[in-house]
Amino acid sequence: MKVLVTGGLGFIGSHTVVELQNEGFEVVIIDNLSNSSENVLDGIVAITGKKPIFEKMDLRDKPAVEDFFKRHADVSGVIHFAASKAVGESVENPLLYYENNINTLVYILQQLQQKPEAHFIFSSSCTVYGEADKMPITEDASVKPAVSPYGNTKQIGEEIINEVCKVSNINSILLRYFNPIGAHPTAHIGELPIGVPQNLIPFITQTGIGLREQLSVYGDDYPTPDGTCIRDYIHVVDLAKAHVVALQRLLAKKNLEKVEVFNLGTGTGSSVLEVINTFEKVSGKKLPYKIVGRREGDIISAYASTDKANEVLGWKAQSTLEEALTYAWKWEQKIRS
Ligand code: WQD
């Protein structure tokens, strides 16, 4: 079966393409290369031996999207990653985020709703929960007012999908990621270092390799055991596998509702200092860091309840923080060699 993966040359997208191919799916990728590179295709082929179809396209180009679905009329399964995802950038340039994250979603759904049946997996985020009232966070935790245009586009995206699935033959699964980290164990694919990393793990590995002077820890005065923020860091391969399980669930018509929601996390929270200590253990390096002021918009703590994903979706993260950091470090060393 042919599956469209939008943003399929991106970090999570490329790892999902590998797992789809491992499960025998034929994959067609749309990517505008704004935050990825065509070389990622070589990495995918190095792992699976199979080259996905790749079409360079900007999903904001509505006629191009319509033409794509005419040429690939047999595509009824879509995993939609393509979106802008930098929280800080979204605050400075909200319209870029509303155009790129919402318009493109609408154009794809307009095509899918014309089909007798369609299966849509949406890349959402734990950001929709904001500062959740209690840990671990369950899927029925309230969606809080977004603190960034990026987070708002995920909330609006989920609302659009719910409304469209009610009146069409589209079935959908919303996957709310916690913090994706790591790289493929083969080190053929990983998170491409484009610009100064906003996220913790790439900044740590670039500091470990000597590319960055030192890591700034954004605050150690939070109400947590060691004062630093807590997150649920999930290995990107575990995350990728969850997308295949979700698509197979829809194809097998096992979904209990037109739209289902699952948190994708490990269920374990780790503080920034715990991540630093684990990285030092994994790499054998002392990581230079300094404590600085808090970062605007950071929440204190977020980690997932994994019960629904384990019991209903039938998926469970396998890799530990230590393993994910091992792969992230192996990838950093590989791309700098
Ligand atoms: C993690 C922790 C920082 C960098 C964001 C998005 C989320 C998702 C993942 C897209 C925080 C601290 C970080 C640094 C630090 N993105 N930190 N120094 O903010 O939890 O989530 O990325 O889907 O939607 O919100 O991830 O890795 O940026 O930060 O101290 O140089 O590390 O304060 O506590 P975050 P992060």
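Q: How do the residues lining the largest cavity divide into nonpolar, polar and charged?
A: This is a predicted model. In the lining of the largest cavity, four residues are nonpolar, three are polar and one is charged.

Q: Which residues line the largest cavity?
A: The lining is made up of His-80, Phe-81, Ala-82, Ala-83, Asn-101, Phe-122, Thr-153 and Lys-154.

Q: And how much space lies in the largest cavity?
A: About 50 Å³. The structure has one cavity of 30 Å³ or more.

Q: New topic: domains. What does the domain assignment give for the chain?
A: The assignment gives domain 1 as 2–181 + 234–264, and domain 2 as 200–230 + 267–332. Domain 1 puts 23 residues into the contact, and domain 2 puts in 22 residues.

Q: How many Å apart are their C-alpha centres?
A: The C-alpha centres of domain 1 and domain 2 are 24 Å apart.

Q: What area is buried between domain 1 and domain 2?
A: About 2,000 Å² is buried there, and carbon and sulfur atoms give 69% of that area.

Q: Which three residues supply more than any other three of the area that domain 1 buries against domain 2?
A: Glu-131, Ile-181 and Asp-238, which supply 26% of that area.

Q: Then how many residue pairs are in polar contact across the interface?
A: Nine residue pairs are in polar contact across the interface of domain 1 and domain 2, counting pairs with both residues at pLDDT 80 or more.

Terms used:
Residues are numbered from 1 along each chain as its sequence is written. This is a predicted model: local features need pLDDT of at least 70, side-chain atom pairs count only at pLDDT 80 or more; totals for chains, interfaces and linings use all residues. Side-chain values use heavy atoms; hydrogens and water are left out. On a 1 Å grid over the protein atoms alone, a cavity is a set of points where a 1.4 Å probe fits but cannot get out, and a pocket is an open set with protein on both sides within 12 Å along at least five of seven lines; lining residues have an atom within 4 Å of a point. Grid points are joined across faces, edges and corners, and a volume is the space filled by probe spheres set on the points. Ala, Val, Leu, Ile, Met, Phe, Trp, Tyr, Cys and Pro count as nonpolar, Asp, Glu, Lys and Arg as charged, and the others, Gly among them, as polar. Domain bounds come from an automatic or database domain assignment. Contact means heavy atoms within 4.5 Å. Buried area is the accessible area (1.4 Å probe) that two parts lose on being put together, summed over both. A polar contact is a pair of N or O atoms within 3.5 Å; within protein, one must be able to donate a hydrogen and the other to accept it, and residues adjacent in sequence count only if both atoms are side-chain atoms.
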